Amino acid sequence: MTQLIDTAPQQETAVLVALTTTQQSSAKTKEHVDELAFLAFTLGIKTLKTFIQNLTNPNGKTVVGKGKLEEIASFVKDKQVDTVIFDDELSPSQVRNLENVLQCRVMDRNLLILTIFAMRAKTTQAKTQVALAQYQYLLPRLTKMWSHLSSQKGGSKGMRGPGEKELETDRRLIQDRIAQLRKKLAAIERQSITQRKNRARLARVALVGYTNVGKSTLMRVLSKASVHVEDKLFATIDSTVRKVVMHDVPFLLTDTVGFIRKLPHTLIESFKSTLDEVREADILLHVVDISHPAHEEHMRVVQETLQEIGVVDIPMILVCNKVDQLQPTEATQEGDTSLENLQQTLSHQEHCPTVFISATQQDNIEALKDLLFQQVSLQHMRIYPNYLEIAPS
Ligand SMILES: Nc1nc2c(ncn2[C@@H]2O[C@H](COP(=O)(O)OP(=O)(O)OP(=O)(O)O)[C@@H](O)[C@H]2O)c(=O)[nH]1
Ligand SMILES: [Mg+2]
């Protein structure tokens, strides 16, 4: 049966490939490729070189053009590169064509993210969710491989060779596995719903944001929880919930999985129950790494992902983190990125309370706590119209 990659490769080397097209400027491509290198680094893969091609439209068979492909192949051979990673999603036939020419493993951003999730998942729920996403990723790829072979041999029922039969068996096995995993997840979900019901009478605050922006660091600051913090992508996959008490008002704070551009759809699908923590929150703390040059795009990706998982109308506080990494009066090519300027721009753009902090330096945490307390108190009064009903914390 076709193997899924479920452990981190050791000391692998890679080259990255991306396109600059009419839809994507070279600055954007560079940003995406930097993130792709960070994803690879998270898996312990060392990036040796990046190839970027300027094309009006991607080549249907091999994404990049013939000349560029030869250039990549010669580098791969010369440096004995293990993997070539493409920033955009590859079709099964593109992977086949590319592997034929490059003579090494070829993968796309989706598979890289899925592999990181597999490496990071700790709880049964997260492991089951990732396995489901991996099998769902694999299934259409097997189907297409099978129909490709089938059409090569005329596609007639009577003409199936052993290879096709094997693939068909694989397909059935995967479908069975998907059904089992769905069942297992449904059972875990029922348990979580019961747990959530038991604690339903407290206001719930969820930390959301792009990956690596400092959500878990802030969770630590606000709740003293010993959650995992790391300068790698997707350090958090499993949700953590902690009870926090502020001026006698208790609430629940949740830290959960971060988002990223082009997050594989199968992952969003299978992480639906983990993301219920976000969907059912009363208040969202949207954490942004304001020192990141692409923070505006990150914010857009988070808003889009929230919409995709069905989050609507939850009051939000925008938490602009890592202000310690901003230069006080730095003017760059993209514009003035000083704290003063960002404060002005964002307070005009955003329609929610906004606060600028440094979670690691504990800068302005009191201002965030004040904002949070105002919102939590409102929710608390909604849940307990008669304040005297509050259970002692
Ligand atoms: N300079 C600086 N670094 C920070 C700050 N807050 C967090 N970090 C660093 O940013 C990195 C990521 O922090 P995490 O708290 O793990 O981020 P996260 O959003 O939980 O990340 P994922 O769980 O991977 O989505 C770590 O190296 C933190 O030390 C800050 O205010 N300033
Ligand atoms: Mg985290």
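The shell around ligand 1 holds 6 nonpolar, 11 polar and 6 charged residues. Here Ala, Val, Leu, Ile, Met, Phe, Trp, Tyr, Cys and Pro count as nonpolar, Asp, Glu, Lys and Arg as charged, and the others, Gly among them, as polar. This is a predicted model, in which local features need pLDDT of at least 70, side-chain atom pairs count only at pLDDT 80 or more, and totals for chains, interfaces and linings use all residues. Residues are numbered from 1 along each chain as its sequence is written, chains are lettered from A and ligands numbered from 1 in the order written, and side-chain values use heavy atoms, without hydrogens and water.

**Shell of ligand 1**
- Ligand 1 is surrounded by 23 residues, each with a heavy atom within 4 Å.
- The closest are Lys 215, Thr 217, Ala 235, Thr 236 and Asp 324.
- Helix H7 (residues 215-223) gives the largest share, 3 residues.

**Polar contacts (pairs of N or O atoms within 3.5 Å)**
- The side chain of Asp 324 places an N or O atom 2.7 Å from a nitrogen atom of ligand 1.
- Oxygen atoms of ligand 1 lie 3.0 Å from a backbone N or O atom of Gly 214 and 2.9 Å from one of Ala 359.
- The protein buries 90% of the 660 Å² that ligand 1 exposes when taken alone (Shrake-Rupley method, 1.4 Å probe).

**Helix H3**
- In H3 (residues 92-102), Pro 92, Gln 94, Leu 98 and Leu 102 are buried, meaning under 20% relative accessible area (1.4 Å probe, protein chains only).
- These residues sit on the same side of H3, because they cover an arc of only 155° around the axis, taken from the directions from the helix axis to the C-beta atoms.
- Helices are DSSP runs of H or I, at least four residues, numbered from the N terminus.

Note on methods:
Buried means under 20% relative accessible area, exposed over 50%, partly exposed in between (1.4 Å probe, protein chains only). Helices (H or I, at least four residues) and strands (E, at least two) are DSSP runs, numbered from the N terminus. A polar contact is a pair of N or O atoms within 3.5 Å; within protein, one must be able to donate a hydrogen and the other to accept it, and residues adjacent in sequence count only if both atoms are side-chain atoms.
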